[in-house]
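Please look through the structure below from one end of the chain to the other. The paragraphs after it go from single places in the chain to the whole.

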Amino acid sequence: MSSTIAETSSPSSTRTMSGGEAIARMIRAFGGGPMFGMGGFQVLPLYEAARELGLSHHLIHDERNAVFVADAYAKVSGRVGLADATVGPGATNMLTALAEALNAGSPLVCVVGDTHRDHSWKNMTQESRQVDALRPMCKELIRVESIRRIPELMRRAFAVATTGRPGPVVVDVPEDLMHDTFEFSDSDFVVNPAYEAAPALRSRPDGDSVARAADLLANAKQPIVLAGGGVHLSGAAQTLTDFARATNIPVAHTLTGKGAIPCVDPLSAGLFGRYDRIANGLIEQSDVVLVVGCKLGEIATKRYTVPAPGKTVIHLDIVAEEFGRTLQPEVMLWGDVKLGLQDLMAALGPRVAGLKARLQPLAESVPARMSKWREEVSGRLYSDEKPISVARLITEINKVLPEDGILVADGGFAAHWAGLLFDTKRAGRGFVPDRGFASIGYGLPGAIGAALAAPGRTVLSLTGDSGFCMVLGDLETAARLNLDFTVVVVNNAASGYVKALQHLVYGAGKHISADLNEVDFAKVAQAFNCTGIRVEEPGQLESALRQAMATKGPVVVDVVVTRDPAKMLPGVDSRAAVIKKGDRIA
């Protein structure tokens, strides 16, 4: 990334334009990618400027989906995702997706229109306290009160979105400033290209803390790395993979941290926390735990029980406020994940070779444990049962998805099943779940965003039938854009996560408001001029997925899966769930 571009001291030409055009020109100056929204009078000048300037702007059917698309685009590309909305319901429709981006650390800039200031609070059409509603759901809300400040405030929006822990920034623009005109100079639209993508800026942990952490690792008997989504935000997956291979320290990951090291790497211990293969056992036996870019939230810690008390913890994170939130680390490394790992490696210095040799037995035990786990659960992974087992579905996805493929996972059990069983084949963000807020409905817009961010890469999305029903309208959007991706609908004719929990907590047959009508989503897809494939036999999965990936345009693969609520959650380890009062096991 280049350094700051200084404004020239020589006189520059001027141009009279609307506030909306000034916004569009700033987006263009930052190399903005595709933008999604649903227009209204308040944002018409922005739309007209996007047309005149040739910006990539697209109509979407729900503003929440617009932000979900922007979120997935940002997760996959690292670049700033863009969305817009008009006043009132357009703005408030963004709330759920903004919360996802905020919690996940996705760099977004969202422009929303607001009421004309000369008439605010006179019951204008669609008027609400939208600024108050939006503010807690974004990293920063910038209210524009002067048209001349639009370039300055848009620069700030991109800077805030891409620095520290990235996040969504909302720019609230009153109608009168969007439509009004001002004479801007060319120098107003000079930007620093560093803020086009995250991380725009990097900082190193302090040297004394790095040295202490290196000493702890060098003397550890059985260390382990716990990797979170911050590894991907830092672009540090290959750095972590190299670190693990150089030291023989195993790596476990969260749902968003999947791909921090390739899942197929011998040092990968897989998912840890609420669902795990072998990772929780390794954590229990560890003496030093290196937490990297991970917030240690409820799911990752199995409701704050993993790691158990008494472990020596080193925590590396870009957000100092995360230190001590759920456990107290011995060493706090405040800084960028990539630089922090590089500094740890340098601080270990010549001790690396000895550490690697000493941990060789530990490193060799990881693939042995993983192989044993696979043998124990092979009946589920390769099940021929009908309706189809979700474990079998993920097994087939592992088989057919290419090394550079991307799997988007909707909230609920789609993310849990894929988080546990899907294997990335290389370091990097090949798994895109919406775990910042875990809302369902992400699968389709997430696939749109991923496909736009990574043209030429195979994109598969896993969603439930309930979540898919929330966003069906934007199949039309995907078809209109002629995007190549596959949405796999896990069709269990239920709100499966809720039904499974009701079954676990209250007993067999005790469920309410969880069942859906049977729907053939392949026929639904065809009605939207998309390709639809329905799969009812497990033996058809591989060929159906391969056909879908080879088909141009959006494809919906409707997979009829188990209707048994006892089999809807990813308990592939076959352990019996013992529920005590107050427990939440899923």
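Predicted model: local features only at pLDDT ≥ 70, side-chain atom pairs only at ≥ 80, totals over all residues.

L201 sits in the loop that runs between β8 and α9. Along the chain, L201 and S234 are 33 residues apart, and their C-alpha atoms are separated by 10.0 Å. Leaving aside residues up to four places away in sequence, L201 touches T163 and Y195.

The loop between β8 (181-185) and α9 (207-218) also holds P199. The peptide bond joining A198 and P199 is cis, with omega about 0°. A cis peptide bond also joins V306 and P307, where omega is about -5°. P307 is placed in the loop between β12 (288-292) and β13 (312-317).

R303 lies in the loop between β12 and β13 too. Its backbone deserves a look: R303 is not a glycine, yet its phi is positive, about 55°. How exposed is R303? With a relative accessible area of 39%, R303 is partly exposed. S513 likewise has a positive phi of about 55° although it is not a glycine. S513 is found in the loop between α21 (496-506) and α22 (521-527). Exposed means a relative accessible area over 50%. S513 is therefore counted as exposed, with a value of 72%.

Buried means under 20% relative accessible area. Is H58 buried or exposed? Its relative accessibility is 18%, so H58 counts as buried. H58 belongs to strand β3, which covers residues 57-59. The side chains of H58 and S56 are joined by a polar contact of 3.0 Å. If residues up to four places away in sequence are not counted, H58 touches P34, M35, F36, G37 and L481.

Y275 is placed in a loop, the one between β11 (268-271) and α12 (279-285). Y275 is buried, with a relative accessible area of 10%. Y275 and E375 are 100 residues apart in sequence, while the distance in space from C-alpha to C-alpha is 18 Å.

Which residues of helix α5 (residues 95-104) are buried? They are A97, L98, A99, E100, A101 and A104. An α-helix has 3.6 residues a turn, so residues three or four places apart point the same way. With this in mind, the reader can go along the helix and find where each buried residue points.

What do the buried residues of α5 pack against? Their partners include three helices: α3 (63-77), α6 (130-134) and α10 (230-233). The strands β5 (108-114), β7 (168-174) and β16 (431-433) are also packed against by the buried residues of α5. After α5 comes G105, whose phi is positive, near 75°.

How many of its nine residues are buried? Nine of the nine are buried, so α17 is largely enclosed by the rest of the structure. The buried residues of α17 include F413, H416 and W417. The list also has A414, A415, A418, G419, L420 and L421.

The view can now widen to the whole chain. Its secondary structure comes to 23 helices and 20 strands. The radius of gyration is 25 Å, close to the 25 Å that the globule rule gives for 586 residues, so the chain is as compact as a globular protein of that length. Along its principal axes, the C-alpha trace spans about 70 × 60 × 45 Å.

Of the 586 residues, 59% are buried. Among the contacts with a separation of 6 or more, 78% are between residues 24 or more positions apart.

Conventions. Residues numbered from 1 in each chain as written. Heavy atoms only, no water. Helix = DSSP H or I, 4+ residues; strand = E, 2+ residues; numbered from the N terminus. Rg over C-alpha atoms; globule rule 2.2 N^0.38 Å. Buried < 20%, exposed > 50% of the residue type's maximum accessible area, 1.4 Å probe, protein only. Contact = heavy atoms within 4.5 Å. Polar contact = N/O pair within 3.5 Å; in protein donor to acceptor, adjacent residues only side chain to side chain.
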